[in-house]
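Subject: Structure handover and findings

Dear colleague,

Please find the structure for your review directly below.

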Amino acid sequence: MQIDILTIFPHFFDQFLRHGMVRVARQTGRLDVRITDLRAYAEDRHRTVDDRPYGGGPGMLLKPEPVFRALDALGLAAGATAPEGTLPLLMCPRGQQLGQQDLEQFSGARRWIILCGRYEGYDERIVEAYPWRRVSLGDYVLSGGEVPAMAIIEGAIRLLPGVLGDGESALRDSFNEWTGPEGLDHAHWTRPPQYRGRGVPEVLLSGDHGAIEKWRRENSKQQRSNRLQATRGTNHESVNSGEPGESPARITDGAAFKEVPGENDVEQDQ
């Protein structure tokens, strides 16, 4: 599978590509990730990729020109259907909320083209001109599409044949074949059998595989029931870990960095 990612922060993905199943998939040749810096397709000396919205209002919009040029270079033509086997993905709050079945479908594509937005959103011509599959992680707002893009890649790549060490692992995950599309995985324990006064269910230590399987299915149903009850009946209060009047330390998007550890450790895919 080839994944092209369009972003104004290409180094955002450096560490992500170096770890976990994404790293395994890349090393074994099952995944080829290529990062496109949208600023490289701006034509002014300031490499401008954003501008103020017509009609006024807060924020800035991602301009159409750099995006259209970058997509031209990747072979995705405006106003046309996507090439066979290519899945254009737009990170967008208007999109369908991502589910496990979507990841299973996405993992069957030969190539993804992911556009990561920033600022207040996209110039609408970017949205209208291409056959996007619009994807949202949920009903909340992030500062950009890079984190959603990583979540989708992380979820789908582990479904590729040969990426996980044990192919049954994915089948027994939540929302998969063993649990059903709305089911949750059962609870798990590992060694030691006793720790700080807390033990392991006796059935899991019994060696009776039939009894263990029955217990796991019953526990899976209980996990689903607990989740439904929590969803219906609980309103969580927000927690502020700082002192009154304090703002957490943060890095502002676009600020100049003297040094970011590891930023230059990973060579960008060309």
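Thr-86 lies in strand β5, which covers residues 86–97; helices (H or I, at least four residues) and strands (E, at least two) are DSSP runs, numbered from the N terminus. Thr-86 is buried, at a relative accessible area of 14%, where buried means under 20% relative accessible area, exposed over 50%, and partly exposed in between (1.4 Å probe, protein chains only). Leaving aside residues up to four places away in sequence, Thr-86 touches Arg-111 and Ile-113, a contact being heavy atoms within 4.5 Å.

Regarding conventions, this is a predicted model, in which local features need pLDDT of at least 70 and side-chain atom pairs count only at pLDDT 80 or more, while totals for chains, interfaces and linings use all residues. Residues are numbered from 1 along each chain as its sequence is written, and side-chain values use heavy atoms, with hydrogens and water left out.

Backbone geometry

Most residues other than glycine have a negative phi, and most peptide bonds are trans. The following residues depart from that pattern. Arg-191 and Pro-192 are joined by a cis peptide bond with an omega of about 5°; Pro-192 sits in the loop between α7 (168–171) and β9 (194–195). Arg-47, although not a glycine, has a positive phi of about 55°. Arg-47 belongs to the loop between β2 (32–37) and β3 (50–51) and is partly exposed, with a relative accessible area of 38%. Arg-196, also not a glycine, has a positive phi of about 50°. Arg-196 is placed in the loop between β9 and β10 (198–199), and its relative accessibility of 74% makes it exposed.

Sheets

Strands of a sheet pair through backbone hydrogen bonds, either parallel or antiparallel. Here, two strands are taken to pair if DSSP finds at least two bridges between them.

An open sheet of three strands has the order β3-β4-β7, with mixed pairing. Its edges are β3 and β7 (121–122); each has a single partner strand, so one side of each is left without a neighbour in the sheet. Two bridges link β3 to strand β4 (residues 61–62) in the antiparallel sense, and Asp-51 has Leu-61 in β4 as its bridge partner.

Five strands form an open sheet in the order β2-β1-β6-β5-β8, and the pairing is parallel. At its edges are β2 and β8 (133–136), each pairing on one side only. On average, neighbouring strands of this sheet are turned by 30° against each other, direction ignored; axes are lines fitted to C-alpha atoms, for helices over the stretch in contact, and angles run from 0 to 180 degrees between N-to-C directions. The parallel strands β5 and β8 are joined by five bridges, with Leu-89 opposite Arg-133 in β8. Helix α6 (residues 146–157) packs on the sheet and touches β1 (2–7), β5, β6 (111–115) and β8, its direction making about 160° with that of β6.

Gln-2 is in strand β1. Its C-alpha atom is separated by 9.0 Å from that of Ala-109, 107 residues apart along the chain. Not counting residues up to four places away in sequence, Gln-2 touches Asp-32, Arg-34, Arg-110, Arg-111 and Trp-112.

Pocket and cavity

On a 1 Å grid over the protein atoms alone, a cavity is a set of points where a 1.4 Å probe fits but cannot get out, and a pocket is an open set with protein on both sides within 12 Å along at least five of seven lines; lining residues have an atom within 4 Å of a point. Grid points are joined across faces, edges and corners, and a volume is the space filled by probe spheres set on the points.

The second largest pocket holds about 470 Å³ of space. It is lined by 21 residues, of which Met-91, Cys-92, Pro-93, Val-141 and Leu-142 are the closest to its centre. β5 gives the most to this lining, with four residues.

There is one cavity of 30 Å³ or more. The largest cavity, with a volume of about 30 Å³, is lined by Gln-96, Gln-97, Leu-98, Asp-102, Phe-106, Arg-133, Arg-134 and Val-135. β5, α4 (100–106) and β8 each give two or more residues to this lining, and β8 supplies the largest share, three residues.

With kind regards
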